[in-house]
Amino acid sequence: MSTKKVEKRSKQYQMRLVEEFRQQLEEQAKADGDSTLATWIKRILRKELSARGIEPKG
């Protein structure tokens, strides 16, 4: 009897960034201790929702 692990993944969101802008964002992410730009962006977005009185889901 084999048990398959079902991986729950969220949908990807693509965005285009000018290279210089992306570099600035990556530098700030590293300065804040985030391992990836995506992690940093998600953290900032969660913080913004909280500031607006919205409980982030996820």
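Colleague: What share of the 58 residues in the protein is buried?

Modeller: Buried residues make up 10% of the 58 residues, and please keep in mind that this is a predicted model.

Colleague: And what secondary structure is there?

Modeller: The protein has two helices and zero strands; helix 1 covers 19-31 and helix 2 covers 37-51, with a loop between them that holds Asp34.

Colleague: How does the radius of gyration look beside that of a compact globule?

Modeller: The protein has a radius of gyration of 16 Å, whereas a compact globule of 58 residues would have one near 10 Å. Along the principal axes, the C-alpha trace spans about 50 × 30 × 25 Å.

Colleague: Which side chain does the side chain of Asp34 make a polar contact with?

Modeller: That partner is Arg43, and the polar contact between the two side chains is 2.7 Å. If residues up to four places away in sequence are set aside, Asp34 touches Ala29, Thr39 and Trp40 as well as Arg43.

Colleague: Where is Trp40 found, then?

Modeller: Trp40 is part of helix 2, and with a relative accessible area of 10% this tryptophan falls under the 20% limit, so Trp40 is classed as buried too.

Colleague: What is Trp40 in contact with, leaving aside its neighbours within four places in sequence?

Modeller: On that basis Trp40 is in contact with Leu25, Gln28, Ala29, Asp32 and Asp34. Ala29 is also among the residues that Asp34 touches.

Colleague: How many Å separate the C-alpha atoms of Trp40 and Glu19?

Modeller: Those two C-alpha atoms are separated by 17 Å, and the residues are 21 apart along the chain.

Colleague: Changing topic to charge, how many positive and negative charges are there?

Modeller: There are 14 positive and 9 negative charges in the protein, and their mean positions lie 11 Å apart.

Colleague: Last one: how much of the accessible surface belongs to carbon and sulfur atoms?

Modeller: Carbon and sulfur atoms account for 50% of an accessible surface that comes to about 6,200 Å².

Methods:
Residues are numbered from 1 along each chain as its sequence is written. This is a predicted model: local features need pLDDT of at least 70, side-chain atom pairs count only at pLDDT 80 or more; totals for chains, interfaces and linings use all residues. Side-chain values use heavy atoms; hydrogens and water are left out. Helices (H or I, at least four residues) and strands (E, at least two) are DSSP runs, numbered from the N terminus. The radius of gyration is taken over C-alpha atoms; the globule rule is 2.2 Å times the number of residues to the power 0.38. Buried means under 20% relative accessible area, exposed over 50%, partly exposed in between (1.4 Å probe, protein chains only). Accessible areas come from the Shrake-Rupley method with a 1.4 Å probe; for residues, only the protein chains shown count as cover. Lys and Arg count as positive and Asp and Glu as negative; His and the chain ends are not counted. The place of a charge is taken as NZ of Lys, CZ of Arg, CG of Asp or CD of Glu. A polar contact is a pair of N or O atoms within 3.5 Å; within protein, one must be able to donate a hydrogen and the other to accept it, and residues adjacent in sequence count only if both atoms are side-chain atoms. Contact means heavy atoms within 4.5 Å.
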